[in-house]
Amino acid sequence: MKFFTSWYKEKRWDISQLVGSGGMPSSHSSTVTALATAIGFQDGFGGSLFATASILACIVMFDATGVRLHAGRQAELLNQIVYELPAEHPLAETRPLRELIGHTPPQVRFRGRLPTIITRSTLLFLNIL
């Protein structure tokens, strides 16, 4: 999905979006949410397997909005510092750090809800529920 939203916004194909992390939508959040939702519909929402999947989803989403988001913001600042270094400085020619590695809370919330809807619709369509 990120691949297509990137094309829509920038009017060019960006192959790195197929495997890259960060930005909208959050593929990690959607994957673990879809997993937890599918387990809940298949095995029941009161079981230990659903509880485990839900905890995993919470950890992944916390990581996306916390650690990874702030690491991206630090990379942005470090890239700016390196950019402003004089040309003769040994670090002036270093490769820039990746800045888009985390997600904002709205991005994670959006991708946390979408897989639930898709999973439920798919299970209803396949007549599993």
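1. Let's start with N79: leaving aside neighbours within four places in sequence, N79 is in contact with P96, L97 and E99. Contact here means heavy atoms within 4.5 Å. N79 lies in helix 4. With a relative accessible area of 13%, N79 is buried; the cut-offs are under 20% relative accessible area for buried, over 50% for exposed and partly exposed in between, using a 1.4 Å probe and protein chains only.

2. A word on the ground rules. This is a predicted model, in which local features need pLDDT of at least 70 and side-chain atom pairs count only at pLDDT 80 or more, while totals for chains, interfaces and linings use all residues. Residues are numbered from 1 along each chain as its sequence is written, and side-chain values use heavy atoms, with hydrogens and water left out.

3. Now the overall picture. Helices (H or I, at least four residues) and strands (E, at least two) are DSSP runs, numbered from the N terminus. Of the 129 residues in the chain, 31% count as buried. The chain exposes about 8,900 Å², with carbon and sulfur atoms supplying 66% of it; accessible areas come from the Shrake-Rupley method with a 1.4 Å probe, and for residues only the protein chains shown count as cover. Taking contacts between residues at least 6 apart in sequence, 60% join residues at least 24 apart.

4. Next, a helix pair. The axes of helix 3 (residues 48-65) and helix 4 (residues 67-83) come within 2 Å and cross at roughly 15°. That makes helix 3 roughly parallel to helix 4. For the conventions, axes are lines fitted to C-alpha atoms, for helices over the stretch in contact, and angles run from 0 to 180 degrees between N-to-C directions; under 35 degrees counts as roughly parallel, over 145 as roughly antiparallel, 65 to 115 as roughly perpendicular and the rest as oblique.

5. Who makes that contact? Helix 3 contributes F62, D63, A64 and T65, and helix 4 contributes V67, R68, L69 and H70. By class, this contact has four nonpolar, two polar and two charged residues. The classes are: Ala, Val, Leu, Ile, Met, Phe, Trp, Tyr, Cys and Pro as nonpolar, Asp, Glu, Lys and Arg as charged, and the others, Gly among them, as polar.

6. The structure holds two aromatic pairs, and F41, F45 and F50 form one aromatic cluster. Rings of Phe, Tyr and Trp (its six-membered ring) pair if their centres lie within 6.5 Å; planes under 30 degrees apart count as stacked, over 60 as edge-to-face and the rest as tilted.

7. Here are the rings in turn. F41 counts as buried at 19% relative accessibility, F45 is partly exposed at 44%, and F50 is buried at 19%. The rings of F45 and F50 have centres 4.9 Å apart and planes at 80°, so this pair is edge-to-face.

8. T37 sits in helix 2 (residues 27-43) and counts as buried at 7% relative accessibility. Not counting residues up to four places away in sequence, T37 touches F45, T116 and T119.

9. Finally, a loop residue. R95 lies in the loop between helix 4 and helix 5 (105-125), and R95 is exposed, with a relative accessible area of 76%. R95 and V82 are 13 residues apart in sequence and 9.5 Å apart in space, C-alpha to C-alpha.
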